[in-house]
Every structure is written in structure tokens, then in C-alpha cells.
Amino acid sequence: MNARRFFSKWFAGRPPARNSAFTLIELLVVIAIIAVLAALLLPTLAKAKGQALAINCIGNLKQLQVCWHLYADDFKDVLPPNDSVYNFESPTNGEFTQQLSWCQGNARADTNTAAIEAGLLYPYNRSTGIYHCPADFTTVEGHPNIYRNRSYNMSQSVNGLGMVPIPADSYPVDVFQRCFMKLSAITNPTPSKLFVFIDENQGTLYDAQFGYPMPNYDYRWWDMPSDRHNQGANLSFVDGHVERWHWRAPKISDTALPAITPGGDTQDYNRVGSAMRIVPVDGLAD
């Protein structure tokens, strides 16, 4: 018996094969199972992606913190100047000062990295990407396809203007905005409690300094922290470590100098102040 006759005889004795196509009910069941699995997995994937972005942000702040320390080492304990401040109360809403600073420019308007490259910390790490939080998808004003180059600000408590005279006045900024000018002078708060860089809220980000009023001078957010990391922000501290702070209230601002809302926002405001140099205004500079 040849092979063809053998297989013809074998198949002839088998029952006819069932139609192998899916029925409509079976197809709907499969689609429903896929939908359930997607509903279970997507939140987990989104959470994992958010955690990855937060970790990347922490890495950026650690690198900036290293640059900050290297500058102080090179300049005999003097902290990097933090002198680029946007003055909302001036007639033209312009820069408070154009002096050299750790970083310059207006994050809302800069379409290139020239301002970052002109900063005093840039020579210590020439990667402009470390100035931008990967979870910050805010775009430059008038340029919806260009992400902002910077997401972080430096606390006014670390050489924030200091002895720079206020325009049209005879007294220095230090009269109403106290700061440490040398690394060795940081004792209260201690280096592990005083923050240097902070993840800034996209609604209040203009200049490169994170401002905060003294308790008897003003009471509002001069700059507001971001909440893009699961209603939290990352902060780096003088001793080099980075923390993620979770806020009791969402941080949403569509205007400069936003008011403090009662409740959780007040607690968040006080918490940020506790990590800065707070000295009541007495009309005198240090």
C-alpha cells in the first residue's frame, strides 16, 4: 500500500472536522477578558512610569547638588550666587537683577539652553537635561512643541541676592530676605534640613530662585512647589541627599504670587518654610 492510499483510507474513517472559526460569543468573551486585564494592568504601568520619572528627577537634583558643592569648594566656601529674580512689582515686570547666577533666564520664554549655559554651575556638568524634570511636560509660551528647559529653582536661603541693593532703594535684599552666603555658615536649619533645589510649580516658574517671605513681611506663595510626582515634589538638601515630599493639598496655580488656601496648603507652606532660613524682618541686614 502506497502512502497516498494509506492516508486517504485513514482520513476517510475520521469524522468530519468541526468548523475551527470563533463564534460571536467566544469572540466577545475573549475581548472582555482582554479588557479586564488591560484595566488591571494599565494603572500599574502608569504608576511604574510615574515612579521611574520621579527617580530620574531625583537623579537630576543629585547631580545639580554635586555641582553646587563643587562651586563652593572652588570659591573658598562661598555659595553659588542665586541672583536671577523676576520682579513682578516693577512697571515692566522684568528681571530683578541681571547679575551672574547659578542659572539665568526665564523658563517660560527661553526656547534654547543659552541661559542655562550662561549659569555658574554649567561648567561643572554640561548636560542641560539635568535642569529639567522628566515629568514636566509644560511647554514654552507661544511654542507648544517645545518643552521648557528648566523645572528647578534654588532656595533664596542659599546666597539668594544677599547684599545686592534693591533697585531704587538704598538697602540690600538681605534686610527682608535672609540667606546664607557661605557653606560653613549653615547651622540653622542644619545642612540635612535646609533644602537647596526644589521641583518648582509650572504655574509660578519664571526666574531661577525659589522665593519665600519672612513671617512678618508677607504671607503668600512667592514661588510654589510642584505636585507632579503623585501630589509631591523632590527637594535636594545641603548635605547632598534628596527627598520627595508629599503635599497635603494639591499645588495648582495659574497666577504669580498665589494665595495660601486654608487647611492642608497652610501646613505645606509652613513645612517648606521650616526648611529655609527664616528670620523676622527688623530693618537691618546681617
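This is a predicted model: local features need pLDDT of at least 70, side-chain atom pairs count only at pLDDT 80 or more; totals for chains, interfaces and linings use all residues.

**Surface and overall make-up**

I started with the accessible surface of the protein chain, which comes to about 15300 Å², with 59% of it belonging to carbon and sulfur atoms (Shrake-Rupley method, 1.4 Å probe; for residues, only the protein chains shown count as cover). Residues are numbered from 1 along each chain as its sequence is written, and side-chain values use heavy atoms, with hydrogens and water left out.

Next I checked burial: 44% of the 286 residues count as buried (under 20% relative accessible area; exposed is over 50%, partly exposed in between; 1.4 Å probe, protein chains only). I then listed four helices and seven strands (DSSP runs numbered from the N terminus: helices are H or I, at least four residues; strands are E, at least two). Their order along the sequence is α-α-α-β-β-β-β-β-β-β-α.

**Cores**

I looked for nonpolar cores (buried Ala, Val, Leu, Ile, Met, Phe, Trp, Tyr and Cys residues joined through side-chain atoms within 4.5 Å). The largest has 29 residues, and Trp68, Tyr131 and Phe197 have the most contacts inside it. Helix 2 (24-74), strand 3 (152-155) and strand 4 (195-199) each give two or more residues to this core. Helix 2 gives the most, with seven residues. Apart from this core lies another, of 16 residues, including Tyr212 and Trp245.

**Salt bridges**

I searched the whole structure and found six salt bridges (a side-chain nitrogen of Lys or Arg within 4 Å of a carboxyl oxygen of Asp or Glu). One of them joins arginine 108 and glutamate 141 at 3.0 Å, N to O. Arginine 108 is buried at 12% relative accessibility, whereas glutamate 141 is partly exposed at 48%.

I then turned to lysine 251, whose side chain meets aspartate 265 at 3.1 Å, N to O. Lysine 251 sits in the loop between strand 7 (242-246) and helix 4 and aspartate 265 in helix 4, so the pair ties together parts that are 14 residues apart in sequence. Lysine 251 is buried at 2% relative accessibility, and aspartate 265 is buried at 3%. Lysine 251 also forms a salt bridge with aspartate 268, with the closest N and O atoms 2.5 Å apart. Here too, both partners, aspartate 268 and lysine 251, are buried.
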